[in-house]
Amino acid sequence: MKPFEIKAQKDHLEKISHSKPQFALSEIVWNALDADATRIDISSNYNELGIIDKISVTDNGSGIPYDLAEKYFSSLGGSWKIQELKSPKGRQLHGKQGQGRFKAFSLGHNVDWHVRYLHTDGAVYEFDIFGDEANLNEFNITDRTESNQKETGVTVEITNIAKQFGLFENGSLANTFSTLFAPYLYSYKDICISINDIPIDISSQIQKLIDYDLVSVVENQDTVF
């Protein structure tokens with residue numbers, strides 16, 4: 001395992017790492033969607049006292065190539081998404097500021113990104129990136145190893161939970177996400193986002209659908225602009 005530093009002032013990192021918990025989770029989901037995930041599973045784990053001690057977000061997206069991981073994590077801003085209009089599979093991209101990963105620390109003090117990606121040799125490799133809220137200027141990355149799994153993706157595990165937010169009570173997170181992701185999920189119907197094994201339902205967010213016939217417009221070749 002080796003450490004690498006974040007090129008930003010600590011106070012600035014602390015500022016952007018504070019976010020409302022539901023939006024911190026949504027940034028993790030958006031990163032998965034930008035990586036062309038079709039399945040995103042959010043889960044909460046409770047200890048024997050009934051207190052959440054871990055939040056996990058698992059996706060089946062493309063993951064992060066090992067050779068680019070340090071570059072992506074060590075710089076603040078300058079996201080690769082700025083130069084791209086769409087994802088490799090043609091989806092609209094969301095995050096372009098390169099800050100979303102820091103918002104995970106709004107939920108817990110320790111974050112582990114377990115990454116699986118397809119190497120150019122045709123094998124799936126995996127590695128971990130660890131971050132600690134106590135030292136936001138430094139992340140640690142493990143060596144990569146060949147995975148025994150064939151599916152790529154990222155699992156984000158958040159532990160040492162900051163406080164009990166009530167996110168998973170009374171459908172609070174599901175209601176927020178059904179509103180937030182409704183336009184995206186309606187556009188890309190092959191995607192499923194689930195919370196503790198229950199897919200979010202966007203049907204209540206769609207009040208009216210109108211189909212329009214698009215008329216072809218032929219430019220007059222003699223027109224001078």
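Guide: Helices are here DSSP runs of H or I with at least four residues, strands are runs of E with at least two, and both are numbered from the N terminus. This is a predicted model, in which local features need pLDDT of at least 70 and side-chain atom pairs count only at pLDDT 80 or more, while totals for chains, interfaces and linings use all residues. Residues are numbered from 1 along each chain as its sequence is written, and side-chain values use heavy atoms, with hydrogens and water left out.

Visitor: How many helices and strands does the protein have?

Guide: The protein has five helices and ten strands.

Visitor: Why does Ile-158 count as buried?

Guide: Buried means under 20% relative accessible area, exposed over 50%, and partly exposed in between, with a 1.4 Å probe and protein chains only. Ile-158, placed in strand β8 (residues 153-161), has 0% relative accessibility and therefore counts as buried. Leaving aside residues up to four places away in sequence, Ile-158 touches, among others, Ile-28, Ile-55, Ala-104, Leu-107 and Val-111, where a contact means heavy atoms within 4.5 Å. In the protein as a whole, buried residues make up 44% of the 225 residues.

Visitor: What makes Ile-51 count as partly exposed?

Guide: Its relative accessibility is 34%, so Ile-51 counts as partly exposed. Ile-51 is found in the loop between β2 (39-46) and β3 (52-59), and, not counting residues up to four places away in sequence, touches Asn-45, Tyr-46 and Gln-164. Ile-51 and Lys-163 lie 112 residues apart along the chain, yet their C-alpha atoms are separated by 9.4 Å.

Visitor: What share of contacts in the protein between residues at least 6 apart in sequence joins residues at least 24 apart?

Guide: Of those contacts, 65% join residues at least 24 apart.

Visitor: How do you know which residues lie on the same side of α3?

Guide: In helix α3 (residues 66-74), the buried residues are Tyr-66, Ala-69, Phe-73 and Ser-74. They lie on the same side of α3 because they cover an arc of only 100° around the axis, the arc being that of the directions from the helix axis to the C-beta atoms. An α-helix has 3.6 residues a turn, so residues three or four places apart point the same way. The face of α3 turned away from its buried side carries the exposed residues Asp-67 and Lys-71.

Visitor: What makes a space a cavity, and what a pocket?

Guide: On a 1 Å grid over the protein atoms alone, a cavity is a set of points where a 1.4 Å probe fits but cannot get out, whereas a pocket is an open set with protein on both sides within 12 Å along at least five of seven lines; lining residues have an atom within 4 Å of a point. The structure holds one cavity of 30 Å³ or more, and the largest cavity has a volume of about 40 Å³, with Ile-52, Ile-55, Lys-163 and Phe-168 among the lining residues.

Visitor: Which helix supplies the largest share of the lining of the second largest pocket?

Guide: That helix is α4, with five residues, out of a lining of 14 residues in which Gly-171, Leu-173, Ala-174, Ile-195 and Ile-198 lie nearest the centre of the pocket. Both α4 (172-180) and β10 (198-199) supply at least two residues of this lining, and the pocket contains about 190 Å³ of space.

Note on methods
Grid points are joined across faces, edges and corners, and a volume is the space filled by probe spheres set on the points.
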